[in-house]
Structures are given as C-alpha cells and as structure tokens.
Amino acid sequence: MEKRVVFASPWLPYALVAPQIAITLVFFFWPASQALWQSMLVQDAFAAKTQFVFLDNFKDLFQDPHYLASFRVTAVFSALVTVIGLSVSLLLAVFADRVIRGATVYKTLLIWPYAVAPAVAGVLWLFMLSPSIGILTYVLRGFGVSWNYYVNSGQALLLICAAAIWKQVSYNFLFFLAGLQSIPSSLLEAAAIDGAGPVRRFWTIVFPLLSPTAFFLLVVNIVYAFFDTFAIVDATTQGGPAQATQTLVFKIYQDGVQALDLGGSAAQSVVLMVIVIALTVVQFRWVERKVQY
C-alpha cells in the first residue's frame, strides 16, 4: 500500500513550503522577469531616457562576432571543467576510499580547497603560472614549454580551466567519497570471490551505484562552469588575450557594468538563462534515464 502523510491542518503543507516559494519568487522569478523586460529596452546609463525596441537587442547580439565567439569559449571551457573535474574527483575519491594509513589526513587536505573563494583560487593559479615569477612556469620551461598566457590564447584558456577545476574538485570529491562509502562492501566482496578484478568491479558495480551522485554533480558542475567561474576569469585573464577567455557571464559583466549597455547585457543574461535551463532539462529528460537509483 502507498504510504501518505496526513497533516492535521490542510494549510500546514503550504505553510511549510511557503518560505522556499517566497525565496524562489524574490530571488529568481522577479529578477528574471526584470531582466526579460529590460532586454527589450534601450536606455542610457542613468535610465533617464528609455525606448522600447522589442527584440532588437537580441538581433544585435547574434550579429555581433564577439558575442558569438564567447559561445565557443564557454562551450569549450564548461566541457573541460565538467569532464576533467568530475574525472579527477572520482579518481581521487576512489583512492581516498581505500584503507590506507593516514587516509583521514588525505581526505581533509582534498576538501580544503573548497573553502577558497573563486577569486582567490584564480589569483593563486595566476601567481603559480605567471610568465615571470611563476613556479609552475619555471618547471614548464625545464621541459621546453614556453608559457606566456598574456599572448597565447590557448594557454590563457588552460589557466582559467585549471583554476576552475582545482576550485571545484573538493566539492565533487566530497560527494563521490560519500557515495563510495555508502556502497555495501558485501557486493564488492562477492564480486571479488567470483573472480572479478578491480577494474571490472568498478565498472559493473561501483560506477552504476554512483550514477545518481554522478548525475547530480554533472548538473551542478555545468551550472558552476557557466555562472560561478566569473570571479576566476575576472581575477586572472579578464577575458583576454583578444577575448580568448571571454565567457558568456563575463561578457555580460563587461557590457553591462563597464560599457553600460544595460539593454544588451540584459538580453545576454536572458540568453544565458535559457541555455542553462535547456541544458538542465535535457539532462533530466535524457541523461537521467541511464541513472540507476
């Protein structure tokens, strides 16, 4: 029989969800509606003169080659951050889950970077990979690699990817480790008795049982790559060189705050919101079907 919760008052369920609904309305739907309305306006920096232009701001966006280039940069950047970040985190979690001496110390050290602010993470990697004083730059030169992200667009993209991945690895590691520790050891022991090696046990038992955690982290990491990496880009490359690291969220900041194009930046924020919502829907519609709960 289906179990159902019965509340003494018919209004109690609505009262319990009211705070969450209020937060969603105030901090998501209201700003989103304001951005949608502002994206149809052209106004000066002080909003003294406003003109309704409907979809002209969106037309100008998709005719701007710099804005179209930021799509490619964001796609490559988010793919690298998500794939490499999840892979490295899973690998670290698998090793940390093993019964080894000092495992608690290793786990603590791997979790610490999550407490670092994104801007601080960007500055740390900026110093380590500085063309003049960076310690990692010195190591790369020893291998014959000339590192200068000021003039090399590919190296600049690698710099912000490294900072973003390092910042997010701790978050992913924490969830993967919790998922690994929740897997019954009896399943792995039975597979080992049947002759399954470590690799086969991982792909046939461990990874399918981790699929709900992996799916959750996939959604979170894509949103992180699109939105939460703004401070990293701003602290390191500021979109350069030649807009090679200008992501969509950073271009919104540049056009809206620095160039004072309020209507254009609002249109960009609407496009970015639609992209992220569409990606999330696609993941829940198709990717979640492969998840084994």
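Reply: What follows describes the pocket, then the chain as a whole, then some backbone details in loops.

The model is predicted. Its largest pocket holds about 620 Å³ of space. The lining consists of 18 residues, and those closest to the pocket centre are Val94, Arg98, Leu188, Phe202 and Val206. Of the elements, α9 provides the largest share, with six residues. Sorted by class, the lining has twelve nonpolar residues, four charged ones and two polar ones.

Now the chain as a whole. The protein chain has twelve helices and two strands. The C-alpha atoms fill a box of roughly 75 × 70 × 30 Å along the principal axes. Of the 293 residues in the protein chain, 38% are buried. Among contacts with a separation of 6 or more, 67% join residues 24 or more positions apart. The accessible surface comes to about 17700 Å², and carbon and sulfur atoms account for 69% of that area.

Most residues other than glycine have a negative phi, and most peptide bonds are trans. Against that background, the peptide bond from Gly240 to Pro241 is cis, with omega near -5°. Pro241 sits in the loop between α10 (230-236) and α11 (248-258). Ala242 is also placed in the loop between α10 and α11, and its phi is positive, near 55°, although Ala242 is not a glycine. Ala242 has a relative accessibility of 71% and therefore counts as exposed, the cut-off being over 50%.

A positive phi also occurs at Leu260, at about 60°, again in a residue that is not a glycine. Leu260 belongs to the loop between α11 and α12 (262-285). With a relative accessible area of 41%, Leu260 is partly exposed, because that value falls between the 20% and 50% limits.

Methods:
Residues numbered from 1 in each chain as written. Predicted model: local features only at pLDDT ≥ 70, side-chain atom pairs only at ≥ 80, totals over all residues. Heavy atoms only, no water. 1 Å grid on protein atoms, 1.4 Å probe; cavity = no way out; pocket = protein on both sides within 12 Å on 5 of 7 lines; lining within 4 Å. Points joined across faces, edges and corners; volume = space filled by probe spheres on them. Helix = DSSP H or I, 4+ residues; strand = E, 2+ residues; numbered from the N terminus. Nonpolar A, V, L, I, M, F, W, Y, C, P; charged D, E, K, R; others polar. Buried < 20%, exposed > 50% of the residue type's maximum accessible area, 1.4 Å probe, protein only. Contact = heavy atoms within 4.5 Å. Areas by Shrake-Rupley, 256 points an atom, 1.4 Å probe, with all protein chains shown as cover.
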